[in-house]
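Hi everyone, thanks for making time this morning. Let me put the structure up and walk you through a few spots in it.

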Amino acid sequence: MVPYIRRVEKECGCKIRRFETWSHPEHEKLRQICDSRAGCGGVPFFYNKETRRWICGATTYDNLKRWASGKPCAPFLPPPTSFKAQEVPREPGGPFKMINDLKERGKEAMEERQRLAEEKRELEAG
């Protein structure tokens, strides 16, 4: 969930506060108070004090973004069983575009070398 939380914070310009409930009893007490209507009983538990909306458990990126933006969200919407199926949306360009461009140029260079080697063999044979 951390990559989703960071991306939502960046896109929405908000700060999602996190409270460690395992080793801090006062944080667990706060979670229980916020969770009194929801009945979630576990973590992660997301609570928006402005809208009073909550999400119980891990969720999808889009659902978390809707929650943080104050829009209606599903309180129980688990993510797909494969996190590969739901990657964090990335900004166009960036390091991944650069890597893909390098891979493409390398592929083109290899194809050119193979073509030249094949022409050389044909000239030597012919």
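Let's start with Cys40 and Cys56, which are joined by a disulfide with an S to S distance of 1.8 Å; the term here means a pair of cysteine sulfur atoms within 2.5 Å. The structure holds one disulfide. Its torsion about the S-S bond is about 75 degrees, so this disulfide is right-handed. The pair links distant parts of the chain, 16 residues apart: Cys40 sits in the loop between helix H2 (25-34) and strand E1 (45-48), and Cys56 in strand E2 (residues 53-56). Helices (H or I, at least four residues) and strands (E, at least two) are DSSP runs, numbered from the N terminus.

Before I go on, this is a predicted model, in which local features need pLDDT of at least 70 and side-chain atom pairs count only at pLDDT 80 or more, while totals for chains, interfaces and linings use all residues. Residues are numbered from 1 along each chain as its sequence is written, and side-chain values use heavy atoms, with hydrogens and water left out.

Are those two cysteines, Cys40 and Cys56, buried or exposed? Both Cys40 and Cys56 are buried, where buried means under 20% relative accessible area, exposed over 50% and partly exposed in between, with a 1.4 Å probe and protein chains only. Cys12, by contrast, is in no disulfide, and the nearest cysteine sulfur, that of Cys14, is 4.8 Å away. Cys12 counts as partly exposed because its relative accessibility is 28%.

That brings us to helix H1 (residues 2-12), where Tyr4, Ile5, Arg7, Val8 and Glu9 are buried. Their cover includes E1 and helix H3 (61-68), going by contacts, meaning heavy atoms within 4.5 Å. Just after H1, Gly13 has a positive phi of about 65 degrees.

How do H1 and H3 meet? On the H1 side there are Tyr4, Ile5, Arg7, Val8, Glu11 and Cys12, and on the H3 side Tyr61, Leu64, Lys65 and Ala68. The residues of this contact divide into seven nonpolar, no polar and three charged; Ala, Val, Leu, Ile, Met, Phe, Trp, Tyr, Cys and Pro count as nonpolar, Asp, Glu, Lys and Arg as charged, and the others, Gly among them, as polar.

Finally, the overall layout. The protein chain has four helices and two strands, running α-α-β-β-α-α from the N terminus on. Of its 126 residues, 25% count as buried.
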